[in-house]
Amino acid sequence: MDYVPPPPDLSEFLTAFYYFRADDAELNELERADVAQFRFVLAGEGHMEFPDGNHYPFTPCSLLGPRTVASRIVAKGPVRAFGLGLLAAGWGALTGVEAVSLTNKMIDATSLLGPTVLDVHRALAATDDLDAMVEIGTSFARTLRHRADQVPLWFTRAVDRWLISSLQPVLADLIADTGLTRRQIEKLTKQLYGATPGLLVRKYRALRAANALARGDEMGELLAADAYYDQSHFIREVKEFTGITPGGIKDEEERLSRLTFGRAALAGKVSSLSSDS
């Protein structure tokens, strides 16, 4: 898995570009809860499985909604995929649909963007050069960014700040910062983040702890001590959002989930909400 930060004009919209390769004949891997993504499957076939029993087949151009649970990828390889991670502002600018309608779901992106997105897939499939792929992905994102003026960037900036301000951010602080009511905030977070503020706090707290553990950082244990009722609570929360227990993360039991924490290497180049989780 290779990660590349987006250019400055897209940094408020994208977490990173990524290029995933697996030569396995069969792939059966957990993938942690994460932000929404455009995912271009360049080789391989398979599907994603969610805890609710729903299966979503790979398509050449997929739009993966925000995830609040761990999922599983089952595929026949070799597999190659190129993707763009979408921050909340990116979701609003690039898709124009409510995030909550696609939380923990995946659709064929052509159903939303039309068949022209297949041209992007063909261009990506024609090269193995990562720089060329990033250039194609950047051009794709910029063509969709025309909706940016319809996104309340002041709100996504406030929520992102709030989520990284503390391990247990208080909703009253976000209300004070935005001047919105609880109901208005919940409506907007569902629209742009695909979840309520309370669920977002749980998700990013667990992912920050898991990220620290994956790096071998003692901060993971400190998070457990400071942010959770007890060890069992910590274990349950981390497993819900990553699919792996804290011990499993340290023991490298699941390759894909651990690889996704590689965004930490982009600290300072991408949104801290992305690199820390």
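What percentage of the 277 residues in the protein do buried residues make up?

**Figure 1. Overall fold of the predicted model.** Buried residues (under 20% relative accessible area, 1.4 Å probe, protein chains only) make up 54% of the 277 residues. The protein has 13 helices and eight strands, taken as DSSP runs (H or I, at least four residues, for helices; E, at least two, for strands) numbered from the N terminus. Its radius of gyration, over C-alpha atoms, is 18 Å, close to the 19 Å of the globule rule (2.2 Å times the number of residues to the power 0.38), so the protein is as compact as a globular protein of that length. The C-alpha trace spans about 50 × 45 × 35 Å along its principal axes. Of the contacts (heavy atoms within 4.5 Å) with a separation of 6 or more, 73% join residues 24 or more positions apart.

**Figure 2. Packing of helices H5 and H8.** H5 (residues 153-165) and H8 (residues 197-214) pack at about 50 degrees with axes 10 Å apart; axes are lines fitted to C-alpha atoms over the stretch in contact, and angles run from 0 to 180 degrees between N-to-C directions.

**Figure 3. Residues at the H5 and H8 contact.** H5 contributes Trp 162, Leu 163 and Ile 164, and H8 contributes Pro 197, Leu 200, Val 201, Tyr 204 and Arg 208. Seven of these residues are nonpolar, none is polar and one is charged (Ala, Val, Leu, Ile, Met, Phe, Trp, Tyr, Cys and Pro count as nonpolar; Asp, Glu, Lys and Arg as charged; the others, Gly among them, as polar).

**Notes.** Residues are numbered from 1 along each chain as its sequence is written, and side-chain values use heavy atoms, without hydrogens and water. In this predicted model local features need pLDDT of at least 70 and side-chain atom pairs count only at pLDDT 80 or more, while totals for chains, interfaces and linings use all residues.

Notes: Buried < 20%, exposed > 50% of the residue type's maximum accessible area, 1.4 Å probe, protein only.
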